[in-house]
Amino acid sequence: MPVSRSTRRALAAVFAVCVVLPLSACGSSGGDSGTADASGKVEGDITFQTWNLRANFKPYFEGLIADFEKKYPGTDVKWIDQPAEGYADKISADAAGGTLPDVVNVSPDLVAPLAKAGLALDLDKAASQYRKEYLEGAWASHQIPGMTGTYAFPWYLNTGPLFYNKSLFKEAGLDAEQPPKTYDEVFDAALKMADKTDGKVATLANVPTIEDFGRYGVELMNKEGAAFTFNDAKGVELLTRYKKLYDAKALDPQALTATPESSGKKFLTGAVAMNPGSALDLGNFKKQAPNLYKNIGITDQITSTGHVNMYVMGVMVNARTKRAPAAVAFAHYVTDAAHQMSFAKQVAIFPSTAGSLDDPYFTKEDGTDETRVRVAAAKSLKNAVNYTPVLFSEQMKTELRNEVAKALQGKESPKEALDNAVEACNRLLQQQG
């Protein structure tokens with residue numbers, strides 16, 4: 001079950017969107033990332049682009065920029081904020097047109113084509129002195145298979161629990177105090193729920209995505225990162241189980257066209273019994289669905305690997321910036337421990353800096369559900385994994401979703417569907433170069 005993207009309502013682009021750049025238009029065949037010299041005096045004008053953050057966090061970023069300019073006299077940071085809709089396309093156009101900002105808010109799958117095009121600064125070369133400040137897994141999240149280097153500072157992380165409706169569990173004869181902990185238990189509970197309610201209440205609202213296959217223990221790519229492999233026996237097993245749920249209406253009939261927002265609404269109205277989310281959602285439940293909030297159950301993400309899924313955001317430096325010292329200094333400033341911690345206290349996200357998750361804010365409970373979720377999520381992030389492969393593009397996500405839909409509708413067998421998806425994704429991977 002995918003982690004909810006409902007957090008986007010406050011951090012509208014907190015999770016990954018992907019882009020395949022027209023690399024030939026970038027004027028580079030790759031291989032020259034990291035050529036900008038980041039040594040020298042921190043001075044001059046730079047541009048900083050964020051991803052739909054101005055509406056909710058304007059005072060935070062204006063204060064951060066003012067503090068940076070005070071620390072480094074002679075610098076001037078121009079802040080640009082782009083809407084969530086079309087963000088990937090905007091970056092693609094800027095990359096092709098030579099107008100990419102100096103410092104850019106990105107996700108790992110946005111970094112990959114930029115790095116291949118020679119447009120993302122290699123921080124292992126330009127800023128290796130900062131590496132030890134970040135969680136090892138977070139720093140590695142902006143590394144690209146087949147390339148050496150790290151192409152963005154890790155910024156904030158996110159993950160979340162699985163929420164369930166205790167009332168619906170009780171009505172279906174399930175133990176509301178003992179929620180499912182394994183895939184076997186989730187699928188069993190879902191089939192019982194559908195049977196008891198004559199298919200009126202589904203337990204799950206989303207079809208499996210690439211991260212679900214990862215959490216289930218499927219090998220998503222070969223060790224070289226050169227080909228996708230999620231059509232193995234374990235992958236087929238997971239899709240077969242989802243097909244069984246779909247046929248029994250234990251998976252919402254509208255799951256094939258569901259968005260995270262529509263799934264969230266179904267959970268709010270009691271049409272779906274379980275839904276992934278974050279600490280941010282609890283406030284929404286309290287306001288929008290007080291009856292649900294009174295009956296909310298909270299359990300861990302389901303995983304066969306022992307590692308929950310995490311989403312990562314980063315801050316990339318344009319390899320062709322004319323102000324490399326200032327751009328690197330500012331990207332580090334935005335993502336250092338102090339500023340990540342202050343940002344995390346404004347919204348339900350988590351720092352990627354080493355030691356930050358040991359702060360009492362992330363370890364001490366105060367009896368509230370919000371704190372309980374925050375503490376549990378922070379603990380799980382210490383060994384969490386970003387299951388979505390860096391090279392898994394938006395087109396690939398569409399190919400997988402389309403084939404999953406065919407399998408659930410019975411138009412193809414789960415094996416045929418995943419074979420077709422892997423073939424299409426590997427073809428797209430070759431086109432990425």
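Reply: Start with V106, which has its place in strand β3. The model is predicted. V106 has a relative accessible area of 0%. Buried means under 20%, so V106 counts as buried.

What touches V106, once neighbours within four places in sequence are left aside? The contacts are W51, I91, V111, L114, H142, A152, M313, G314, V315 and M316. Four of these partners, M313, G314, V315 and M316, belong to strand β8, residues 311-317. For scale, take P179. V106 and P179 are 73 residues apart in sequence. Their C-alpha atoms are 36 Å apart in space.

Now the strand pairing. β3 covers residues 103-106 and pairs with β8 in the antiparallel sense, over four bridges.

Next, β8. Seven of its seven residues are buried, so the strand is mostly covered. Which residues cover which face? Y311, M313, V315 and V317 are on one side, V312, G314 and M316 are on the other, and all are buried. Both faces of β8 are therefore covered. β8 also pairs with strand β4, residues 153-158. Four bridges join the two, and they run antiparallel. In that pairing, L157 has V312 of β8 as its partner.

Six of them form an open sheet, ordered β2-β1-β3-β8-β4-β9, with mixed pairing. β2 (75-82) and β9 stand at the edges. Each has a single partner strand, so one side of each has no neighbour in the sheet. Strands of a sheet pair through backbone hydrogen bonds, either parallel or antiparallel.

A helix packs on this sheet. α13 touches β1, β2, β3, β4 and β8, and its direction makes about 25° with that of β4.

The largest one has 130 residues, and F230 and F330 have the most contacts inside it. Helix α13, residues 324-335, gives the most to this core, with nine residues. In soluble globular proteins, nonpolar side chains tend to be buried together. Leaving aside neighbours within four places, F230 is in contact with I210, V218, E219, L220, G235, F392, L400, L418, A421, V422 and C425. A second core is separate and has 12 residues, including A279, F285, A289 and I298.

α17 covers residues 394-408 and α18 covers residues 414-432. They pack at an angle of about 170°, with axes 8 Å apart. That makes α17 roughly antiparallel to α18.

T388 has its place between α16 (369-381) and α17. T388 has 12% relative accessibility, so it counts as buried. Beyond residues up to four places away, T388 touches I210, E211, N309 and K397.

T353 lies in the loop between β9 (350-351) and α15 (360-363). Its relative accessible area is 0%, so T353 is buried. The side chains of T353 and S356 make a polar contact of 2.6 Å. T353 also touches E133, Y134, L135, T335, D336, A337 and Q340, not counting residues up to four places away.

Last, two backbone checks. Most residues other than glycine have a negative phi, and most peptide bonds are trans. N52 is not a glycine, yet has a positive phi of about 55°. N52 has its place in the loop between β1 and α1 (54-71). It is partly exposed, at 23% relative accessible area. D198 also has a positive phi, near 55°, and is likewise a residue other than glycine. D198 lies in the loop between α7 (183-196) and α8 (210-216). At 65% relative accessibility, D198 counts as exposed.

Key:
Residues are numbered from 1 along each chain as its sequence is written. This is a predicted model: local features need pLDDT of at least 70, side-chain atom pairs count only at pLDDT 80 or more; totals for chains, interfaces and linings use all residues. Side-chain values use heavy atoms; hydrogens and water are left out. Buried means under 20% relative accessible area, exposed over 50%, partly exposed in between (1.4 Å probe, protein chains only). A polar contact is a pair of N or O atoms within 3.5 Å; within protein, one must be able to donate a hydrogen and the other to accept it, and residues adjacent in sequence count only if both atoms are side-chain atoms. Contact means heavy atoms within 4.5 Å. A nonpolar core is a set of buried Ala, Val, Leu, Ile, Met, Phe, Trp, Tyr and Cys residues joined through side-chain atoms within 4.5 Å. Two strands pair if DSSP finds at least two bridges between them. Axes are lines fitted to C-alpha atoms, for helices over the stretch in contact, and angles run from 0 to 180 degrees between N-to-C directions. Angles under 35 degrees count as roughly parallel, over 145 as roughly antiparallel, 65 to 115 as roughly perpendicular and the rest as oblique.
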